[in-house]
Amino acid sequence: MSRNDCIFTSESVSEGHPDKVCDRISDAVLDAFLTEEPNARVACETFATTNTVVVGGEVGLSTEKATKSMLERVEGIVRDCVRDIGYEQKKFHWNTLKVHNLLHEQSAHIAQGVDRDGAGDQGIMFGYACRETPELMPAPIQYSHAILRRLAEARKSGKEPTLGPDAKSQLSLRYEDGKPVEITSIVLSTQHLDEAQTSDDIRAIVEPYIREVLPSHWITAKTEWWVNPTGKFVIGGPDGDAGLTGRKIIVDTYGGAAPHGGGAFSGKDPTKVDRSAAYAARYLAKNIVAAGLADRCTLQVSYAIGVAKPLSIYVDTHGTGEVAPAKIERAVAEVMNLTPRGIRSHLGLNRPIYARTSAYGHFGRAYEADGGFSWELTDLVDALRAAI
């Protein structure tokens, strides 16, 4: 987003969205393998449709016996994920759905480059940070996530038993001089289990939760509300629409406010730079903004498969920088080892911390005691200032 005066929109989807069901399953499989061995290799893709889940891809542990043992657990992992999300529909029920496990051992040709500490693939990854929210995230995506996360809490607690797992939110914010000042529209579509409920009924349920998480001064008399605008939304999840791992990459990152390199995150172990380097890029961009070096920062890194050293580092401070971007680029290379192994070590990524990332965004989350969301720490501030 480059204009200072505009209306900008981002959307989020809930953990029960068909694509997010698949992201959750893929990341839960990854966590299970990393629990067994921190250096496990996983590239797990999931497809979900009516009463069916298909899991496929490449995995690897240190022995064939260990790999086979883990593969036997996959069906149980799938069912546990669907149950936790909340699906007990006639045509998508955690206990009765069919699970097809097509996972197999990792290709030796891919492994040979990664085993030499090279990147698991070529590609470009972006990180972004700005001062729009306390989390240094763009406001439209951060608050779109917050709405759905709060509704999921109310649903799972039993306080709102008629809400279903599948939901989408969307916020349009008006900006003045580069700062969000007003929400022009709020869109919320949520599955509901009572067929008699109308759009007005659903709005009466969800509006208090939406107001709870949004800055009150942004909601005005002119704000448009669109709650279940098509009417009934009873059939949801993979029964209503098929899902695939990795189809919500903009929801996962910055809601369109910043570039995306194209690679999805879920189901990929941290040797895959699609994931680990995108986390590192966010970590660095956030620390650059937190250090006061810029109010906005986009950072890009690039890699070649089997090659450890990044091919390039690019920084754009969008005219808000206190120092030249080239100086920040040099400082970034000095304060963090951006080889795949260096990233994994610095951020502690060889741990089962990924299922929790599969919904409500990979960024703008709070660091957790077991190392989850380590890329959200701002512990490089002093090092960056010193390097500059």
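Predicted model: local features only at pLDDT ≥ 70, side-chain atom pairs only at ≥ 80, totals over all residues.

User: How many aromatic pairs does the rule give?

Analyst: The count is 9 aromatic pairs.

User: Why is the pair of tyrosine 143 and tryptophan 218 called edge-to-face?

Analyst: The ring centres lie 5.5 Å apart and the planes meet at 85°. Centres within 6.5 Å make a pair, and planes over 60 degrees apart make it edge-to-face. Both values qualify, so the label is edge-to-face. The pair links distant parts of the chain, 75 residues apart. Tyrosine 143 is in helix H5, and tryptophan 218 is in the loop between H6 and strand E10 (219–227). Tyrosine 143 and tryptophan 218 are both buried.

User: What makes tyrosine 279 and phenylalanine 363 an aromatic pair, and which kind?

Analyst: Their distance is 6.0 Å centre to centre, with 85° between the planes. The limits are 6.5 Å for pairing and 60 degrees for edge-to-face. The pair is edge-to-face. Tyrosine 279 sits in helix H8. Phenylalanine 363 sits in the loop between helix H10 (340–347) and helix H11 (381–387), 84 residues apart from its partner.

User: How do you know whether tyrosine 279 is buried or exposed? And phenylalanine 363?

Analyst: Buried means under 20% relative accessible area. Tyrosine 279 has 0% relative accessibility, so it counts as buried. Phenylalanine 363 has 1%, so it counts as buried too.

**Loops and phi angles**

User: What is the phi of asparagine 51?

Analyst: Positive, at about 55°, although asparagine 51 is not a glycine. Its loop runs between strand E2 (41–49) and strand E3 (52–60).

User: Why does glutamine 197 get its burial label?

Analyst: Its relative accessibility is 9%. The cut-off is 20%, so glutamine 197 counts as buried. It is in the loop between strand E9 (179–192) and helix H6 (199–213). Leaving out residues up to four places away in sequence, glutamine 197 touches Thr162, His192, Ile202, Ile205 and Lys232.

**Helix H3**

User: How does the span of H3 compare with what is expected?

Analyst: H3 (residues 74–85) has 12 residues and reaches 17 Å from first C-alpha to last. At 1.5 Å a residue, 16 Å is expected, and the span is close to that. Its buried residues include Val74, Ile77 and Arg79. Just after H3, glycine 86 has a positive phi of about 120°.

**Cavities**

User: How many cavities of 30 Å³ or more are there?

Analyst: There are 2. E7 gives the largest share, 3 residues. By class, the lining has 7 nonpolar, 5 polar and 1 charged.

User: What lines the second largest cavity?

Analyst: Its lining includes Ser14, Arg155 and Tyr360. Helix H5 (139–156) and strand E8 (163–176) each supply at least two residues. The second largest cavity holds about 70 Å³ of space.

Notes: Residues numbered from 1 in each chain as written. Heavy atoms only, no water. Helix = DSSP H or I, 4+ residues; strand = E, 2+ residues; numbered from the N terminus. Expected span 1.5 Å × (residues − 1). Buried < 20%, exposed > 50% of the residue type's maximum accessible area, 1.4 Å probe, protein only. 1 Å grid on protein atoms, 1.4 Å probe; cavity = no way out; pocket = protein on both sides within 12 Å on 5 of 7 lines; lining within 4 Å. Points joined across faces, edges and corners; volume = space filled by probe spheres on them. Nonpolar A, V, L, I, M, F, W, Y, C, P; charged D, E, K, R; others polar. Contact = heavy atoms within 4.5 Å. Phe/Tyr/Trp six-rings, centres within 6.5 Å; stacked < 30°, edge-to-face > 60°.
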